[in-house]
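My notes follow in the order I took them.

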Amino acid sequence: MAFESVAPEHPAVDADGSEANARYATNLQAFVYVLFFAFGGITSLNDVIIPKLKGLFTLTYGEVMLVQSAFFAAYFIISIPAAELVRRIGYMRSAVVGLLTMTAGCLLFIPASAYGLFGLFLLALFVLASGITTVQVVANPLISMLGPARTASSRLTFAQAFNSLGTTIFPYVGSILILGSLATVDPSTLSGAALDAFRGVETQVVVHTYMGLAIALVLVAAVVWLRRKSLVEAPAAPTPILRAFNLLTRPRFAFGTLCIFLYVGGEVAIGSLIVSYLMQPSVLGLPADLAGKHVSLYWGGAMLGRFIGAWLLRLFAPGKVLACAAATVIILLTVSANTVGNISGWSLLAIGLFNSIMFPTIFSLASEGLGRRAAEGSGVICVAIVGGAVVPLVTGNAADLWGLKHALIVPAFCYLTILAFGWYARRPLAAR
């Protein structure tokens, strides 16, 4: 379900990358890195928006996790149509469509703020995520194509480091811009006109942040559009849009797709709760804005881990590295849930370091052996990112019932399944 791409005046980039021109591949990789940075950073802002909206609209953990449900539902609904879009108009033009859709989502924060309705914020986040989904369907297979199949996990892990650079920078800046007032005003103490006035002012803060993002996205889209012909793309044979799902009859691909569902869900659930978790007196007792800045440490650990992981994955079997990382996360969740103070807080933040290699490694292991159906596989795997809509909602409701610490059992189950997949997929699989 994708165009076959070749560089102008250069040999085709085949599945093994053996004939790829080094300069061309480097230039195209730089373009993909920008995409990873953009959609990673904007996605991580949800971790800052969640405590903001929870305070403004006096929501429970279960209710505010609808932010992640609205956002990640887009992956379930848009991924396969996005893969079809790539097949029809190619990678570069599809990237422009995705970037402009992201811009539209950012602009929808204006009416959401004007009316002060939580539901409109959810709609804006869904449209924004629809654009991100399209960009991700473009980026994942494209970076996998640019080199030998045997180093696909390493290459995608390195690209994901730029995703993590965005997730490290955006929450820190977003905490300064968005969460500062929560340290001085408790919305739960306001009512009537005072609460309405506070909501009006504070939602404008959110609007200004996303307006700035909209301007940046338009500029990136313009650059990509101007370079749209730099990648010569020959359309692949038409295929039924739902044909990709027959890939789920392959056990390894199906298991890996499940693990993408659980991994994204577990990672997002933890990231979504970090601010509230660190604010607890039994953990670090931080004010909202300072706790929000610590989200950057969680994602910064993922960035550091991806650079380390890109090296480790060249030395050891990717499945074994994945299993070890998942086992370490389970240990850290157990420690955090059963301790207090610095140990509890920092063990949770340290999970980012070991999350680092998981998405690209699961993606590569699940896609191994798909050959020319790799882009179809990418569409199906991106559908599985809907785990970010489901697992955080379950975790949020568990937090309302049992408390934040006991709710960590939900992501722990996710990582246990990932550990099993890593061991199952430790041996290479031949293409078919």
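**Entry 1. Aromatic pairs**

I counted the aromatic pairs and got eleven. The model is a predicted one, and I keep that in mind throughout.

I looked up one of them, phenylalanine 255 with phenylalanine 421.

Phenylalanine 255 has 21% relative accessibility, so I note it as partly exposed. The cut-off for buried is under 20%. Phenylalanine 421 is at 0%, so it goes down as buried.

I then turned to phenylalanine 359 and phenylalanine 363. This pair is stacked, at 6.3 Å centre to centre and 20° between the planes. Both residues lie in helix α15 (residues 358–367). They are four residues apart, about one turn of that helix. Buried or exposed? Phenylalanine 359 and phenylalanine 363 are both buried.

I also found a cluster: ring pairs link Phe71, Phe72 and Tyr75.

**Entry 2. A charge over a ring**

What sits over the ring of tryptophan 423? I found the charged end of arginine 426 there, 4.1 Å from the ring centre.

**Entry 3. Salt bridges**

How many salt bridges are in the whole structure? My search found two.

One is between the side chains of glutamate 84 and arginine 88, at 2.9 Å from N to O. Both residues are in helix α4 (residues 66–89). They are four residues apart, so about one helical turn separates them. I checked accessibility for each. Glutamate 84 is buried, with a relative accessible area of 9%. Arginine 88 is exposed, with 58%.

I also looked up the bridge between glutamate 368 and arginine 252, where the N to O distance is 3.3 Å. Glutamate 368 is in the loop between α15 and α16 (374–384), while arginine 252 is in helix α10, so this pair ties together parts that are 116 residues apart in sequence. Glutamate 368 is partly exposed, with a relative accessible area of 24%. Arginine 252 is buried, with 9%.

**Entry 4. Glycine 40**

Glycine 40 lies in helix α1 (residues 22–44). Its relative accessible area is 3%, so I mark it buried. What does glycine 40 touch, leaving out residues up to four places away in sequence? I listed Asn163, Gly166 and Thr167.

I also took a distance to isoleucine 132. Glycine 40 and isoleucine 132 are 92 residues apart in sequence, and their C-alpha atoms are 8.8 Å apart in space.

**Entry 5. Valine 220**

I placed valine 220 in helix α9 (residues 192–226). With a relative accessible area of 26%, valine 220 is partly exposed. Not counting residues up to four places away in sequence, valine 220 touches Val34 and Leu99. Valine 220 and leucine 100 are 120 residues apart in sequence, but 9.4 Å apart in space, C-alpha to C-alpha.

**Entry 6. A nonpolar patch**

Which residues make the nonpolar surface patch of about 490 Å²? I wrote down Leu165, Ile169, Tyr172, Val173, Ile176 and Leu177. I took leucine 177 as the one to follow up. Leucine 177 sits in helix α8 (residues 152–179). At 45% relative accessibility, I note leucine 177 as partly exposed.

**Entry 7. The whole chain**

I finished with totals. The protein chain has 19 helices and two strands. Of its 432 residues, 59% count as buried. The chain exposes about 16500 Å², and carbon and sulfur atoms supply 70% of that area.

I also checked how far contacts reach along the sequence. Among contacts between residues at least 6 apart in sequence, 85% join residues at least 24 apart.

Note on methods. Residues numbered from 1 in each chain as written. Predicted model: local features only at pLDDT ≥ 70, side-chain atom pairs only at ≥ 80, totals over all residues. Heavy atoms only, no water. Buried < 20%, exposed > 50% of the residue type's maximum accessible area, 1.4 Å probe, protein only. Contact = heavy atoms within 4.5 Å. Patch = residues over 30% accessible without salt bridge, like charges linked within 9 Å, V, L, I, M, F, W, Y side chains within 5 Å. Areas by Shrake-Rupley, 256 points an atom, 1.4 Å probe, with all protein chains shown as cover. Salt bridge = Lys/Arg side-chain N within 4 Å of Asp/Glu carboxyl O. Phe/Tyr/Trp six-rings, centres within 6.5 Å; stacked < 30°, edge-to-face > 60°. Lys NZ or Arg CZ within 6 Å of the ring centre and 35° of its normal.
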